[in-house]
Amino acid sequence: MQWRNTSARYGLVSVVLHWLVALAVFGLFALGFWMVGLSYYDPWRQSAPDLHKSIGILLFAVMLLRVLWRLLNPAPAALSNHGPLTRLASKLGHGVLYFGLFGVMISGYLISTADGRGIEVFGLFSVPATLTGIAQQEDIAGAIHEYLAWGLVIFAGLHGLAALKHHFIDRDSTLLRMFGR
Amino acid sequence: MLKNALAALVLGSALIGGQATAADYAIDKQGQHAFVNFKISHLGYSWLYGTFKDFDGKFSFDAANPEASKVSVTLKTASVDTNHAERDKHIRSADFLNASKHATATFESTSVKSTGEGTADVTGNLTLNGVTKPVVIAAKFIGEGKDPWGGYRAGFEGTTTLTLKDFDISMDLGPASQTVELIISVEGVRQ
């Protein structure tokens, strides 16, 4: 498989970034959902949120890279069997996914940094706070983070179902292309 | 002797002023010489301190007749601050204060019993997390007198210990942290 996208195929970088982000999104959602219910004396009480935040920051870096890569290296052309409506729906759908991803990550960052504290990433480095001191910032950001996270995983699920529909019903190569075929 | 003289002076000025014996004070919110703090044990190893930043209240007080004193305080539960945003978010949640559902907590005194020189037990109803229960605040008179800016002030500090479960606070912080001490330190400006 070539590194870069061609007009007909996704390259290795795009494929790996796509599946890495997919894994991270569902993993972070599950981790986040589980960690907020932990009791005060659970051994994971401190490490689970640390892990969630650390992976979240790394995901943000990966997403920046992904957007950059997409700008430098346009996605392959749409399949010929995709009509104008399908093309529009896919553009809008992908836009929503990108918006949701950045929204979830930024709102999460604004919870933990609301009091000016930075976010420690695996104890290796710290991402400093920027926007702080909005009245009840952590509550507002927290509500946005929760709703957007639910919206994102539901929408990502629909995105997966749409890919399966292309594969099994339309019998086109939409899903296979995401493996570099 | 001095005490009697003071009492006579207070009574005298009250008569001259033609007002009721107990003066009304508003908690100094403007200058924020007032604090509603709390402390709770962390694992039994240290004290965690917090404060409520937004509250208001009033009291009436007469040094000659302290048992006629009255006090009422209302605070916004969402104004809790423990110097840690993630913790504050948790304290406002349904695990603790339910701040979106029960936005205010109030204390209204019902009786004051003098317990010694400058001390009293202030009994009243505390409404917290939607639960109203009688509590007794052990209060201490700190001082009163003219301020340098033409006003007259009096200040008190009181403490009481609340059991979290009594106020339907569901989070279990462990055996050392079943109760929280409330420390109310206020200065009032005579109206």
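Strand 5 (residues 70-76) and strand 7 (residues 104-116) of chain B pair in the antiparallel sense, with five bridges between them. This is a predicted model. One bridge can be named by its residues: B:Leu75 has B:Ala105 in strand 7 of chain B as its partner.

Strand 7 of chain B also pairs with strand 8 (residues 119-128) of chain B. That pairing is antiparallel too, and it runs over nine bridges. Here B:Ser109 stands opposite B:Gly124, a residue of strand 8 of chain B. Strands 7 and 8 of chain B form a hairpin with two residues between the strands. In this hairpin, B:Gly118 takes a positive phi near 70°.

## Strand 2 of chain B and its partners

Strand 2 of chain B covers residues 34-42. It pairs with strand 11 (residues 179-190) of chain B in the antiparallel sense, over seven bridges. Look for B:Phe35: its bridge partner in strand 11 of chain B is B:Ser185.

Strand 2 of chain B also pairs with strand 3 (residues 46-52) of chain B. The sense is antiparallel, and there are seven bridges. B:Ile40 has B:Leu48 in strand 3 of chain B as its bridge partner. Strands 2 and 3 of chain B make a hairpin with three residues between the strands. B:Leu43 takes a positive phi near 65° in this hairpin.

## Links across chain B

Over all chains, the structure holds ten salt bridges. One of them joins the side chains of B:Arg153 and B:Asp28, at 3.0 Å from N to O.

B:Gly145 lies in strand 9 (residues 131-146) of chain B. Leaving aside neighbours within four places in sequence, B:Gly145 is in contact with B:Gly151, B:Tyr152 and B:Arg153. Now compare B:Gly145 with B:Ala63. They are 82 residues apart along the chain, and their C-alpha atoms are separated by 11 Å.

## The build of chain A

Chain A has five helices and two strands. From the N terminus on, the order is α-α-α-β-β-α-α. The C-alpha atoms of chain A fill a box of roughly 55 × 30 × 30 Å along the principal axes.

## Where the chains meet

The size of an interface is often given as the accessible area lost when the parts come together. Between chain A and chain B, the buried area is about 1200 Å². Carbon and sulfur atoms give 52% of that area. In chain A, the residues that lose the most area to chain B are A:Tyr40, A:Tyr41 and A:Glu138. Together they make up 45% of what that side buries.

Side chains of opposite charge can pair when their charged atoms come close. Three salt bridges are found across the interface of chain A and chain B. A:Asp139 forms a salt bridge with B:Arg92, and the closest N and O atoms are 2.3 Å apart.

## Confidence in the model

The model scores ipTM 0.84 and pTM 0.85. Chain A averages a pLDDT of 96, and 100% of the residues score at least 70. Where is confidence lowest in chain A? Helix 5 (residues 174-177) of chain A has the lowest mean, 94. Confidence is highest in helix 1 (residues 12-35) of chain A, at 98.

Chain B has a mean pLDDT of 91, and 89% of its residues reach 70 or more. Over residues 9-20 of chain B, pLDDT stays under 50. For that stretch the model has three contacts beyond four places in sequence.

Definitions and conventions: Residues numbered from 1 in each chain as written. Chains lettered and ligands numbered in written order. Predicted model: local features only at pLDDT ≥ 70, side-chain atom pairs only at ≥ 80, totals over all residues. Heavy atoms only, no water. Buried area = accessible area lost by both parts, 1.4 Å probe. Salt bridge = Lys/Arg side-chain N within 4 Å of Asp/Glu carboxyl O. pLDDT = per-residue confidence, 0-100. Contact = heavy atoms within 4.5 Å. Pairing = 2+ DSSP bridges. Helix = DSSP H or I, 4+ residues; strand = E, 2+ residues; numbered from the N terminus.
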